[in-house]
Amino acid sequence: LVLALAFGEMLTLERYQLDHVRDNPGLGVEMKMTLITQALRYNRFNHRTHYQLATMIAHPGEFQNKEKAAEHVELCLKLNPRYAKAWALKGLIADDPATGAKHLEHALELDKYNHPEHYFYYANLAQDDATKRARLLLGLERIPVHHPIKPDHVRPTWHELNPMWAEWYYELARLAGDEAEKRMYRERGAS
């Protein structure tokens with residue numbers, strides 16, 4: 001406690017556990033779950049730790065538990081109601097697409113410019129093609145990028161989203177009205 005008060009999060013056991021998870025991509029899912037759970041025992045008031053655990057258990061696999069993920073998302077939002085990533089995850093795990101879209105829309109209101117994947121998920125929850133197209137175009141308007149994104153981009157992790165961008169552009173090509181627009185989106189998707 002004294003270290004946490006004197007140095008903030010940087011020297012706490014919780015921070016150590018989370019840094020260990022982040023800095024070791026080769027860790028297995030079970031070990032990551034153990035470390036994040038331990039970090040929560042050290043500090044249950046860190047909204048990001050709740051979000052990180054929710055993200056891990058929301059995905060399909062051995063540890064999937066949507067109910068538990070929803071609980072951790074709610075705890076995260078209770079601690080920080082303006083955390084856009086948690087609102088987006090809440091939208092993704094919602095059982096009803098309309099409810100999910102509302103949560104993703106809220107995430108986009110909170111943070112319009114930093115998470116292109118939120119626009120992509122939001123578009124994929126659209127009930128019709130016109131709404132889907134409008135949502136994809138809104139994302140392109142708010143997050144103008146040059147493709148392909150390389151690791152030296154101003155956002156160094158965005159190059160990992162290139163497959164999503166390709167799918168995004170191919171979907172816009174499918175939804176486009178004229179051949180020139182279709183060709184432009186197909187070319188961007190292929191780059």
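Predicted model: local features only at pLDDT ≥ 70, side-chain atom pairs only at ≥ 80, totals over all residues.
Local features were taken only where pLDDT is at least 70 and side-chain atom pairs only at pLDDT 80 or more, whereas totals for chains, interfaces and linings use all residues. Residues are numbered from 1 along each chain as its sequence is written, and side-chain values rest on heavy atoms, with hydrogens and water left out.

The protein has eleven helices and zero strands, where helices (H or I, at least four residues) and strands (E, at least two) are DSSP runs numbered from the N terminus. Along the sequence, the pattern accordingly reads α-α-α-α-α-α-α-α-α-α-α. Of the 191 residues, 40% count as buried; buried denotes under 20% relative accessible area, exposed over 50%, and partly exposed the range in between, with a 1.4 Å probe and protein chains only. Among contacts (heavy atoms within 4.5 Å) with a sequence separation of 6 or more, 46% are between residues 24 or more positions apart.

A nonpolar core is defined as a set of buried Ala, Val, Leu, Ile, Met, Phe, Trp, Tyr and Cys residues joined through side-chain atoms within 4.5 Å. The largest such core comprises 49 residues, and the members that touch the most other members are Leu89, Leu136, Leu140, Trp165, Trp168 and Leu172. Helix α10 (residues 162–175) supplies the largest share of this core, with seven residues. In soluble globular proteins, nonpolar side chains tend to be buried together.

Val145 counts as buried because its relative accessibility is 16%. Not counting residues up to four places away in sequence, Val145 touches Trp158 and Trp165. The C-alpha atoms of Val145 and Trp165 are 9.9 Å apart, at a sequence separation of 20 residues.

Helix α8 (residues 116–124) is mostly covered, with seven of its nine residues buried. These buried residues are Pro116, Glu117, His118, Tyr119, Phe120, Tyr122 and Ala123. They pack against α6 (84–93), α7 (97–110), α9 (129–142) and α10.

Helix α8 also contributes to the lining of the largest pocket, as described below. Pockets were identified on a 1 Å grid over the protein atoms alone: a pocket is an open set of points with protein on both sides within 12 Å along at least five of seven lines, a 1.4 Å probe being used, and lining residues have an atom within 4 Å of a point. Grid points are joined across faces, edges and corners, and a volume is the space filled by probe spheres set on the points. The largest pocket has a volume of about 770 Å³. Its lining consists of 22 residues, of which Tyr51, Thr55, Glu117, His118 and Tyr121 lie nearest the centre. The elements giving two or more residues to this lining are α4 (47–58), α6 and α8, and the largest share, five residues, comes from α6. By class, the lining has ten nonpolar, seven polar and five charged residues; Ala, Val, Leu, Ile, Met, Phe, Trp, Tyr, Cys and Pro count as nonpolar, Asp, Glu, Lys and Arg as charged, and the others, Gly among them, as polar.

The structure holds seven salt bridges, each defined by a side-chain nitrogen of Lys or Arg within 4 Å of a carboxyl oxygen of Asp or Glu. One of them joins the side chains of Glu71 and Lys68, with an N to O distance of 3.5 Å. Because Glu71 and Lys68 are three residues apart in helix α5 (residues 66–79), about one helical turn separates them. An α-helix has 3.6 residues a turn, so residues three or four places apart point the same way. Both partners are partly exposed, Glu71 with a relative accessible area of 44% and Lys68 at 38% relative accessibility.

Arg174 is partly exposed at 45%, as is Asp129 at 40%. Through salt bridges that share partners, Asp129, Lys132, Glu171 and Arg174 are joined into one network.
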